[in-house]
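Hi,

Here is the structure I said I would pass on.

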Amino acid sequence: MPTTHQPPLTDSDFWSLLGLDQRNQTVISTTQGSANATVNPAVVFVNDLLDRIPLPRWAIYTIFVGGALLVLIVCLCICIKCCCRGKKKKKNQQKTKLEEKVNLTDVNRTKTTGLVQPDVTDVNYGSTKVFRGKLLYSLEYSSALCELRVGIKRADGLMVMDLGGSSDPYVKVYILPDKSKTCETKVFRNTLNPVFNEEFIFTLPKSTLLKSTAIMQVFDFNRFAKHGLIGEIRIQLGNIDWNHIIEEWQDLNEPAKFEDENLGEICFSLRYVPSAGKLTVVILEAKDLKSMDVGGSSDPYVKLQLSLDRRKWKKRKTSVKKKTLNPYYNESFVFNVPFDQIQRVNLIISVWDQDAVTRNDPMGKIFLGCDATGNQLRHWADMLSNPRRPVAQWHGLLSVAQVNAVLSLKKKLPLPRKLLEKNAELWRNSR
């Protein structure tokens, strides 16, 4: 059988066997290539946008990075400021709670210790202390002679009071509460470190000594004006061991705003009935009042005044007790004070000396209420805590200037009738 030779299989024959045309294969191949070459439209848009910016790519990237950092820094600063503001607000709230006034709404409570604010002398008025210099003094007491010897040795680093950068210091020494004798050292010119070496003698029984206070005040001498007070030292003589001589340096303190003077004491009782809105004040007695007349006596009487919202409201007064420093009154006064006003009321009690010729003179003053401090606030709180029960207590009188500085009362509350009369007069004038 003869051998038959077949021609080799070409590409056309191969695609014919598969049932496909070469032209179709080319189209398919081209379509696949175009699909693989497709690019993300966002990338195309960004590249097109960057190409339109007339800056090199590295500059554009630098600007973008710098802007991102700037935004990040701004956000960080805002977060820090918010945190600091939150801490400051929390601190202010805590401070406000500490300084918040005493709330006396609960009048049925039995304990009043938490209602009492510190006394005026216990309040710290500032943390920044100015150095005024220091003073070297000595104290010696002789029980046999009833003599207190106060030595003023020297001072150092005194505060500058004159324009020339110096001072003209001298020291004034006296004993409270008597203050019957006041001693002064010599004046030393143009120095901040004077050496005095002077001694003063005060006659004091031992019983009086234990209740007394020694005052040493350093002044700057001025010939044509009021002498400037550089500083002072107050020593409670009852707290000292008198078995040996005291000699020590002590820094000068800021002068006291009001002088501690013994103006006497007054005893009275308070009673409040919330349901009836009645405040009863009974002035019982007073003792050790200040002598106001030439003969060493006084003609005292007591004034009572109510203030509402720090405005003068109602007032009463007792009878006059002639020629005595220890009057006994036992006089009662009733004020109508509704329960919703009792927290806004202050009771001012003042002792006056009657004078038939000249103007009556004030001898001492105190006030009680929600704006008071110390024993006065405690007495007021005890009254509210024990409704319908009288609460009596002794109080030391303060100077009129001290009480007025705290209260700062405004003019008297206008009465409704006066307001109506005033409005009627204005209406008549307008016609």
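**What I found**

I'll start with C146, which sits in the loop that links β1 (134-142) to β2 (147-156). Keep in mind throughout that this is a predicted model. The phi angle of C146 is near 55 degrees, a positive value in a residue other than glycine. Most residues other than glycine have a negative phi. C146 has a relative accessible area of 26%, so it counts as partly exposed.

N197 has a phi near 55 degrees as well, again positive in a residue that is not glycine. Its setting is a strand, β5 (residues 195-203). With a relative accessibility of 56%, N197 is classed as exposed, because the cut-off for that is over 50%.

F196 is also part of strand β5. Is F196 buried or exposed? At 6% relative accessibility, F196 is buried. Leaving out residues up to four places away in sequence, F196 touches I152, K153, R154, A155, P169, Y170, V171, T185, K186 and F188. One of these is worth a look in your viewer: K153 is 43 residues from F196 in sequence, yet the two C-alpha atoms are 5.3 Å apart.

K153 turns up again in the contacts of S138. S138 belongs to strand β1 and is buried, with 7% relative accessible area. Beyond four places in sequence, S138 is in contact with R149, V150, G151, K153, I246 and E247.

**The four-stranded sheet**

Four strands form an open sheet in the order β12-β11-β14-β15, and the pairing is antiparallel. β12 (311-317) and β15 (361-369) are the edge strands; each has a single partner strand, so one side of each has no neighbour in the sheet. From one strand to the next, the twist averages 25 degrees.

How many bridges join β14 and β15? Strand β14 (residues 345-353) pairs with β15 in the antiparallel sense over eight bridges. In this pairing D353 stands opposite D361 of β15. Two helices pack on the sheet, and here they are in turn. Helix α6 (residues 374-385) touches β14 and β15, and its direction makes about 50 degrees with that of β15. Helix α7 (residues 400-407) also packs there, touching β14 and β15, with an angle of about 40 degrees between its direction and that of β15.

**Cores**

Which residues have the most contacts inside the largest nonpolar core? They are I266, L279, I283, V337 and W380, in a core of 32 residues. Two or more residues each come from β9 (265-273), β10 (278-287), β11 (300-308), β13 (328-336), β14, β15 and α6. To see one of those residues in its surroundings, take L279: apart from residues up to four places away in sequence, L279 touches R271, Y272, L306, F333, V334, F335, V337, W380 and M383. Another core, of 29 residues, lies apart from this one, and its members include I175, F202, L204 and M216.

**A histidine pair**

H395 is in strand β16 (residues 391-396). Its relative accessible area is 2%, so H395 is buried. The side chains of H395 and H379 are joined by a polar contact of 2.8 Å.

**Cysteines**

How many disulfides does a search of the whole structure find? The answer is zero. For C77, the nearest cysteine sulfur belongs to C79 and is 9.2 Å away, so C77 is in no disulfide, given a cut-off of 2.5 Å. C77 is partly exposed, at 47% relative accessibility, whereas C267 is buried, at 7%.

That is what I have for now.

Best wishes

Technical notes. Residues are numbered from 1 along each chain as its sequence is written. This is a predicted model: local features need pLDDT of at least 70, side-chain atom pairs count only at pLDDT 80 or more; totals for chains, interfaces and linings use all residues. Side-chain values use heavy atoms; hydrogens and water are left out. Two strands pair if DSSP finds at least two bridges between them. Axes are lines fitted to C-alpha atoms, for helices over the stretch in contact, and angles run from 0 to 180 degrees between N-to-C directions. Contact means heavy atoms within 4.5 Å. A nonpolar core is a set of buried Ala, Val, Leu, Ile, Met, Phe, Trp, Tyr and Cys residues joined through side-chain atoms within 4.5 Å. Buried means under 20% relative accessible area, exposed over 50%, partly exposed in between (1.4 Å probe, protein chains only). A polar contact is a pair of N or O atoms within 3.5 Å; within protein, one must be able to donate a hydrogen and the other to accept it, and residues adjacent in sequence count only if both atoms are side-chain atoms.
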